[in-house]
Amino acid sequence: MLLRELQGLLAALYDAPAEHDVCDFLITDATQAAALQGAAGKPPTDEQLLVAEGQDGVELGLYLDGAVLARLAERCPLVALSEENLADYCTALEGVSHFHYFVWSANRDRKVSLLELELQAEVDKYASALRLTLAQREGRFPAELFQRLFGRVTYLPHLSPDERSRYEEAHRFAAGFCRRLEERFLRRRRARPEAMLAELR
């Protein structure tokens, strides 16, 4: 399944093996995802990590809209990541990133903030898309990728001021970090992808 492949991609990028299969926690039904949150109607976004802390530990679910996954099944980004499937790829990858990072941290008794989850997901979208496009283009650097992911951004209108501020801050920090990665390891005369990988880790 695509999500398992995306989790494997992140695990390889960071040398952080998957400790739980994301597919075992997947929810694609909007009604079920809303009910788990005590809400009615469709969730406001196509992706949400659902977390409930109880006496026996943490319960998790990853909601990804079934339509997003259906479109990705038709235009698989692992075969060809393009303008046609980039938005859906980013939605799915963000969910997998949230899940993988949360589980990795929880298994080490490490607390994670919402800002940290969003920041990590922004970096993960860039790093994973870069890795895919370099492989698909036989090593040719996709100069347009940074602008596509960080230059043309809009925020959902239903966000509260605190939520919007968190997303903007995560976006700003991730953009600065990824820009420095490009400048140091990819845009010079001699690209050093392995050094970039070490910096990511």
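**View 1. Helices H7 and H8 in contact in this predicted model.** On the side of H7, the residues that take part are Phe177, Leu181, Arg184, Phe185 and Leu186, and they meet Pro193, Ala195, Met196, Glu199 and Leu200 of H8. Sorted by class, the residues of this contact comprise 8 nonpolar and 2 charged ones, with no polar residue among them. The axes of H7 and H8 lie 9 Å apart, and the two helices pack at an angle of about 150°. Because angles over 145 degrees count as roughly antiparallel, H7 is described as roughly antiparallel to H8. The crossing of H7 with H8 is right-handed.

**View 2. The crossing of helices H5 and H7.** Here the axes of the two helices come within 8 Å of each other and cross at roughly 35°, and the crossing is right-handed. From H5 the contact draws on Leu114, Leu115, Glu118, Leu119, Glu122, Val123, Tyr126 and Leu130, while the residues that H7 brings to the contact include Arg166, Tyr167, Phe173, Phe177 and Leu186. When the residues of this contact are divided by class, 13 are nonpolar, 1 is polar and 5 are charged.

View 3. At least two lining residues come from each of strand S2 (47–54), helix H3 (66–74), helix H4 (86–106), helix H5 (114–136), helix H6 (145–151) and helix H7 (161–186). Of these elements, H4 gives the most to the lining, with 8 residues. The lining as a whole is made up of 21 nonpolar, 9 polar and 12 charged residues.

View 4. Helix H1 (2–14), H4, H5 and helix H8 (193–200) each contribute at least two residues to the lining. In terms of class, the lining of the second largest pocket holds 9 nonpolar, 3 polar and 3 charged residues.

Definitions and conventions:
Residues are numbered from 1 along each chain as its sequence is written. This is a predicted model: local features need pLDDT of at least 70, side-chain atom pairs count only at pLDDT 80 or more; totals for chains, interfaces and linings use all residues. Side-chain values use heavy atoms; hydrogens and water are left out. Helices (H or I, at least four residues) and strands (E, at least two) are DSSP runs, numbered from the N terminus. Ala, Val, Leu, Ile, Met, Phe, Trp, Tyr, Cys and Pro count as nonpolar, Asp, Glu, Lys and Arg as charged, and the others, Gly among them, as polar. Axes are lines fitted to C-alpha atoms, for helices over the stretch in contact, and angles run from 0 to 180 degrees between N-to-C directions. Angles under 35 degrees count as roughly parallel, over 145 as roughly antiparallel, 65 to 115 as roughly perpendicular and the rest as oblique. A crossing is left-handed if the near helix is turned anticlockwise from the far one by less than a right angle, and right-handed if clockwise. Contact means heavy atoms within 4.5 Å.
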